[in-house]
Amino acid sequence: MTARTEPHSLLDLRDYPKIRRGKQRDIYLVPQDARGNTAGKAMVLKVPRYGERHKRLSLIKRVLRRIYPDSAYRVLTQEVDYWNKLTDGQDGRASSLPIPAFEGYVNTTSGRAVLWEAMVDAKGDLGPNLLDICKDGTPEIAIEPLNRFVDTCLAESIVAPDLNAKNLVLATRNAQSDFFLVDGFSDHRMISLREIIPRYNAHFLLKRFAKIARRMGLEFDPAAQRFRLPDGPYGGLRPDG
């Protein structure tokens, strides 16, 4: 299981713990010491639920799928294509982005899948997401990393249609704790106005940051582009925010 290669043998998903069930994909952890992992770091494996997705297709889309079978993999390739666009073939760029690094495509017992960098803390454990941090009543540890995340997203014009507290994970990279968007980046639309018009994308990002702040019981100043703790005691989550 070497980074950015596709081995001939299948990965048996029974060998790896499932850590999350997403809307369209199951997420598995590939530990650093897992058999066959030669990347030297922990990774996560995103595996689409192909059968479930096929059942939801309309008749027209099923016909198109027969004509263009590779379209079944778009749920995988759109994020990878976006990552490749951001890095522009420069490996050094990956470490400066607020998203995990792409590690390669692999074949599994449930079909083709993609490996991404696992976002872990300084001890090597999977990092907590912003929702869990706020549930634990420790939002103060999130403010500085959140504001660095805001700065990077705006500077890089990161396209993040599904930006939410569950997808924001606090992890350690380059000896610093920062937030990373582990899912929901790139745009599924054929023509993405957010990619074409940075100002439009920035407007969307600021609205998302404000929504996250309301739901997490935080405050966000769109003019200053900064998160902050609320005045007075922290009141906890506000799911209806």
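Rings of Phe, Tyr and Trp, the last taken by its six-membered ring, pair if their centres lie within 6.5 Å. In this predicted model, such ring pairs link W83, F102, Y105, W116 and F185 into a cluster. The structure holds eight aromatic pairs. F102 and Y105 form one that is edge-to-face, at 5.5 Å centre to centre and 65° between the planes. F102 counts as buried because its relative accessibility is 7%, under the 20% limit. Y105 is buried as well, at 16%. The ring of Y105 also carries a charge: the charged end of R112 sits over this ring, 4.2 Å from its centre. A further case is R194, which lies over the face of F204 at 3.9 Å from the ring centre.

F220 and F227 form a tilted pair, with 4.9 Å centre to centre and 55° between the planes. F220 is buried at 12% relative accessible area, and F227 at 3%.

The largest nonpolar core has 50 residues. L130, L163, L168, F179, F209 and F227 have the most contacts inside it. Helix α8 (residues 198-216) gives the most to this core, with seven residues. Another core, of twelve residues, lies apart from it; Y28, V30, V106 and A113 are among them. Beyond its neighbours within four places in sequence, F209 is in contact with F149, V150, C153, L163, F220 and F227.

T108 lies in strand β4 (residues 102-108). With 4% relative accessibility, T108 counts as buried. Its side chain reaches the backbone oxygen of G111 at 2.7 Å. A polar atom of the T108 side chain lies 3.0 Å from the backbone nitrogen of S110. Leaving aside neighbours within four places in sequence, T108 is in contact with L10, L11, L13, L45, V47 and A113.

Methods. Residues are numbered from 1 along each chain as its sequence is written. This is a predicted model: local features need pLDDT of at least 70, side-chain atom pairs count only at pLDDT 80 or more; totals for chains, interfaces and linings use all residues. Side-chain values use heavy atoms; hydrogens and water are left out. Helices (H or I, at least four residues) and strands (E, at least two) are DSSP runs, numbered from the N terminus. Buried means under 20% relative accessible area, exposed over 50%, partly exposed in between (1.4 Å probe, protein chains only). A polar contact is a pair of N or O atoms within 3.5 Å; within protein, one must be able to donate a hydrogen and the other to accept it, and residues adjacent in sequence count only if both atoms are side-chain atoms. Contact means heavy atoms within 4.5 Å. A nonpolar core is a set of buried Ala, Val, Leu, Ile, Met, Phe, Trp, Tyr and Cys residues joined through side-chain atoms within 4.5 Å. Rings of Phe, Tyr and Trp (its six-membered ring) pair if their centres lie within 6.5 Å; planes under 30 degrees apart count as stacked, over 60 as edge-to-face and the rest as tilted. A charge sits over a ring if NZ of Lys or CZ of Arg is within 6 Å of the ring centre and within 35 degrees of the ring normal.
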